[in-house]
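Biologist: I'd like to learn how to read a few features in a model like this one. Could you take me through them, starting with the aromatic rings?

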Amino acid sequence: MKTLQDFNFKDKKAIIRVDFNVPLNDKFEVTDATRIEAAKSTLVKILEDGGSCVLMSHLGRPKGFQDEFSLRHIVKVISDIMGCNVKFVEDCIGEKAEKAVADLKNGEILLLENLRFYAEEEKGAIDFAEKLSKLGDIYVNDAFGTAHRAHASTTIIAQFFEGKKCFGDLLAREIESIDKVLNNSEKPVLAILGGAKVSSKITVIENILDKVDHLILGGGMSFTFIKAHGGKIGNSICEDDKMELALDILKQAREKGVTVHIPVDVVAADKFSNDANTQICDINNIPDGWEGVDAGPKSIALFDEVVNKCKTILWNGPLGVFEMEKFAAGTIALGHSIEKATKNGAFSLVGGGDSVAAVKQFGFEDKVSYVSTGGGAMLEMLEGKSLPGIDAILN
């Protein structure tokens, strides 16, 4: 696996695929710069070697050239994070872009305009990729969030850099962290899968059953398992058409010696609202008109015990509707449990949009071993799929 450390970038222009698809408010101000900060160490290494950086990214889902999706809106934030004046060019291919790259000096950073202003980017067009390839001497992919897409800038471009392509720091760390959980883990290994639907996690569950010793199934998906066993779940979310599958998953887990942990009690609410009336119910006996919205106190204690006897922990999906303050206790308690286990030497990986949002919201970001930046890409790796953006560097 070639990384930045395999190259000296002195006098070289590195063309770097970053994932700067950051959220903007209605004044076009960046509201969360995490993805930009995550790329910093890659850019610093190249600049310190005496090279220059040509950055390419997408932003949003534009239909052709739309100013609201212009990357010029984020130039100041990148400049502030990098501590230098970042240059910007209003195109990503062609004469204008080529001249801006030709004028770029060692130690400087240039941001190209939004790749998705061209439909050829998402189509993976080879001629578009070739035009991008003219803008650098070495290709660096540091965009884990788009590594599962065979787009021109994430995959196709790599063929023009035979022997001159590598992973950036961020993408290398993502690959190593997921590999550590799936293939090089210290036992016991625990996977915590939450969220609303079993259907969105089926392939993940099936792929990791051979790798884990314990599996916690929480959040909305747990009700499908409870109802499949004949439990009363009131108005709780349930995928009736996935109940047979839920029973099959539990059977597979038993056969592989994996201990499955499902909540034993829940916080139930009489409506889906922060001002709902609530009660603690046995998960098998939720009254009609009530729905489970968070893990109950017995479940929290049970999960804490499981988490703290494991040495490798994967967390993907919350235990309740944490976006509502009243139903966040289970997810927060799980965060504290993982924090404690990590302090005691466990390796903890958090990934998936909702889990990452919860970790940031409740201040656990620096208290776990690694927080993944790519939701869809991480899920596909956990499903055992190969990612085109990663394969393009390896092959």
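Modeller: Happy to! Rings of Phe, Tyr and Trp pair if their centres lie within 6.5 Å. Keep in mind that this is a predicted model. Here Phe65, Phe117, Tyr118 and Phe128 form one aromatic cluster.

Biologist: How many aromatic pairs does the count come to by this rule?

Modeller: The count comes to 6 aromatic pairs. One of them joins Phe7 and Phe9, whose rings are tilted, with 6.1 Å centre to centre and 45° between the planes. Both Phe7 and Phe9 are buried.

Biologist: And what describes a pair of aromatic rings in general?

Modeller: A pair is described by the distance of the centres and the angle of the planes. Now take Phe65 and Tyr118: their pair is edge-to-face, at 5.6 Å centre to centre with 75° between the planes. This pair links distant parts of the chain, 53 residues apart. Phe65 sits in the loop between β2 (52-56) and α3 (75-82), while Tyr118 is in the loop between β4 (109-111) and α5 (119-123).

Biologist: Let's turn to a helix. Which residues of α4 are buried?

Modeller: In α4 (residues 94-102), the buried residues are Ala97, Ala100 and Val101. They lie on the same side of α4, because they cover an arc of only 100° around the axis. On the other side of α4 you'll find Glu95, Lys99 and Ala102 exposed.

Biologist: What do the buried residues of α4 pack against?

Modeller: They pack against three strands: β1 (13-17), β2 and β4.

Biologist: My last topic is charge. Which side chain of opposite charge is nearest to the buried Asp169?

Modeller: That is Arg173, 4.7 Å away. A salt bridge needs a side-chain nitrogen of Lys or Arg within 4 Å of a carboxyl oxygen of Asp or Glu. Asp169, found in helix α7 (residues 169-182), is buried yet has no salt bridge.

Biologist: With which side chain does the side chain of Asp169 make a polar contact?

Modeller: With the side chain of Ser41, at 3.0 Å. Leaving aside residues up to four places away in sequence, Asp169 touches Leu4, Gln5, Ser41, Thr42 and Asp142.

How values were computed: Residues are numbered from 1 along each chain as its sequence is written. This is a predicted model: local features need pLDDT of at least 70, side-chain atom pairs count only at pLDDT 80 or more; totals for chains, interfaces and linings use all residues. Side-chain values use heavy atoms; hydrogens and water are left out. Rings of Phe, Tyr and Trp (its six-membered ring) pair if their centres lie within 6.5 Å; planes under 30 degrees apart count as stacked, over 60 as edge-to-face and the rest as tilted. Buried means under 20% relative accessible area, exposed over 50%, partly exposed in between (1.4 Å probe, protein chains only). Helices (H or I, at least four residues) and strands (E, at least two) are DSSP runs, numbered from the N terminus. The arc is that of the directions from the helix axis to the C-beta atoms. Contact means heavy atoms within 4.5 Å. Lys and Arg count as positive and Asp and Glu as negative; His and the chain ends are not counted. A polar contact is a pair of N or O atoms within 3.5 Å; within protein, one must be able to donate a hydrogen and the other to accept it, and residues adjacent in sequence count only if both atoms are side-chain atoms.
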